[in-house]
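Here is a short briefing on one protein chain. Please look over the sequence and the structure before reading on.

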Amino acid sequence: MSAISLLNPKAEFARAAQALAVNISAARGIQDVMKTNLGPKGTMKMLVSGAGEIKITKDGNVLLHEMQIQHPTASLIARASTAMDDATGDGTTSTVLIIGELLKQAENLISEGVHPRVLTEGMIKARDKALELLEKIKIEGKPDRQRLYDVATTSLRTKVDKKLADQMADICVDAVLNVQREDGIDLHMVELMEMQHKTSTATTLVRGLVLDHGSRHPDMPRNVENAYILTCNVSMEYEKSEVNSGFFYKTAEEREKLALAERDFIEQRVKKVIELKRKVCPPGSGKSFVVINQKGIDPYSLDMLAKEGIIGLRRAKRRNMERLSLACGGSAVNSVDDLTEDVLGYAGSVYEYVLGENKYTFVEDCKNPLSVTILIKAPNKYTLTQIKDAIHDGLRAIKNSIDDGAVVPGAGAFEIYAWQELQKYKDEIKGKSRLGIQAYAEALLIIPKTISINSGFDAQDMIVKLQEECRESVGPVGVNVDSGEVLQPVDAGIFDNYCVKKQILNSCTIIASNLLLVDEIMRAGMSSLKG
């Protein structure tokens, strides 16, 4: 009888072998759900929300976030995998598969009487050896554009189809290289704007900004070139006083004076902007002027700006203000007093695009854009979401490669190489902990096996070919998902992120070890553990 029963007679508990069986069945259950998603030939999952909204995806992170997982162990594995995505941007499906496979390999050995503690010690030794092997196999050096493109295609082809992935990879590499600065890469400076329009291959990179609103006056120009851009946070409309106050007047004339004084206060601000425009854009210079304001601009002020041929945009989003000064140069101002030419940015082209009831303003052809926009186009909402998730992963993969200064050959090459080296390492270890090393080596093979199965090939046949080739070959070898043969991932341009592989090896070993060492699961009464 469990000690918890004395404390709480209603408590449910699962002990020793039963507790282990609960954990292993949960890990295998979530593994079976995710298995078919791995690799470029992985299948899709269709998620239907309570409101009937459809989401089609093969991104492991999206699946684990959206699925309602009730089993505590499965939920723990799912949370660990999504944390992996938050940290590195990839590797969720691989994490789930390797944890499931480690527990599956351990189950066979535990059923034969091996103690879980001995197994976990062997697994930790194997993990340390695998991390050494990762250091050996990684390809160091500052990645050039082609290498970054290869990393992006490897990541994107597992999320969207090949043709679209290759196009997206080009866009993602250009976007990251544009926003790269000496102090690092801030991916928040890559804005993702969605437009439900045309087809997904019409997605483009705008070297500048796309704002999701247009000018609010019919007489304002719709398309200007060689534009000076004033980004400001200045109210150009009537505002209520911040303290509770009242104005009293005796006659209609006094009320008129009060209204005129208030109007004049706003007009003076607008006139200062117009003065600056006349100074920097003399008649016949071919230059134009755009005001993008974070606060409001009232109809009178808009009318004054329109008469001068100025495009005025009001209520711009706060995040766009920072991006505007990075994309176009200049600096955002909080007051119109002492305006000078130095605060102005520049864009080669500013134009308005109307799609249905929505207006978009494009700010393009900036000289040195440190902020860019990826304009995602697709015919429907769920395709937009799918592409957006894929681009997020592509951008993170490129950033990781630059930050790591190294990449790892993909297509299951590292796993096969690690399996081969761990078999040799196992012979150097004495005692039962070598069983843990054997289990770890076999668990790593789940990646090339699953890639083969998802591509329509026989897993055992593929593994045998890879193992034979790995013994004879000089460089790393991986799975060719198109022909079912062995390929050289370095020649084929298939690369994984070094930090993702490192994180997978660390987190999978820790989680699997912890789950193996659980010998009692207790839940005080609420619902059943059985089943």
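The points below cover domains, a sheet, a helix, a surface patch and salt bridges.

This is a predicted model. The domain assignment gives domain 1 (3–140 + 408–523) and domain 2 (209–368). A search of the whole structure finds 21 salt bridges.

**Domains**
- Domain 1 is assigned in two segments, 3–140 and 408–523, and domain 2 covers 209–368.
- The C-alpha centres of domain 1 and domain 2 are 56 Å apart.

**An open sheet**
- The sheet has 3 strands in the order β7-β15-β8, with mixed pairing.
- β7 (190–196) and β8 (204–206) are the edge strands; each has a single partner strand, so one side of each lacks a neighbour in the sheet.
- On average, neighbouring strands of this sheet are turned by 25° against each other, direction ignored.
- β8 and β15 (residues 372–378) run antiparallel and are joined by 3 bridges.
- Leucine 205 has isoleucine 374 in β15 as its bridge partner.

**Helix α11**
- Buried residues in α11 (residues 318–328) include Asn320, Met321, Arg323 and Leu324.
- Leu326, Ala327 and Cys328 of α11 are buried too.
- Glycine 329 follows α11 and has a positive phi, near 85°.

**A nonpolar surface patch**
- Met46, Val48, Ile54 and Tyr382 make a nonpolar surface patch of about 380 Å².
- Methionine 46 sits in strand β2 (residues 45–48).
- Methionine 46 counts as exposed because its relative accessibility is 54%, and the cut-off for exposed is over 50%.

**Salt bridge within a helix**
- Glutamate 132 pairs with lysine 129; their closest N and O atoms are 3.9 Å apart.
- Both residues lie in helix α6 (residues 116–137), 3 residues apart, or about one turn of the helix.
- Glutamate 132 is partly exposed at 47% relative accessibility, whereas lysine 129 is buried at 17%.

**Salt bridge between helices**
- Arginine 145 and aspartate 174 form a salt bridge, with the closest N and O atoms 2.6 Å apart.
- Arginine 145 is in helix α7 (residues 145–156) and aspartate 174 is in helix α8 (residues 162–179), so the pair ties together parts 29 residues apart in sequence.
- Arginine 145 is partly exposed at 35% relative accessibility, and aspartate 174 is partly exposed at 21%.

- The side chains of arginine 222 and glutamate 352 form a salt bridge at 3.6 Å, N to O.
- Arginine 222 lies in the loop between β9 (209–211) and β10 (223–232), and glutamate 352 lies in strand β13 (residues 345–355), 130 residues apart.
- Arginine 222 is partly exposed at 33% relative accessible area, but glutamate 352 is buried at 15%.

**Salt-bridge network**

How values were computed: Residues numbered from 1 in each chain as written. Predicted model: local features only at pLDDT ≥ 70, side-chain atom pairs only at ≥ 80, totals over all residues. Heavy atoms only, no water. Pairing = 2+ DSSP bridges. Helix = DSSP H or I, 4+ residues; strand = E, 2+ residues; numbered from the N terminus. Axes fitted to C-alpha atoms, helices over the stretch in contact; angles between N-to-C directions. Patch = residues over 30% accessible without salt bridge, like charges linked within 9 Å, V, L, I, M, F, W, Y side chains within 5 Å. Areas by Shrake-Rupley, 256 points an atom, 1.4 Å probe, with all protein chains shown as cover. Salt bridge = Lys/Arg side-chain N within 4 Å of Asp/Glu carboxyl O. Buried < 20%, exposed > 50% of the residue type's maximum accessible area, 1.4 Å probe, protein only. Domains from an automatic or database assignment.
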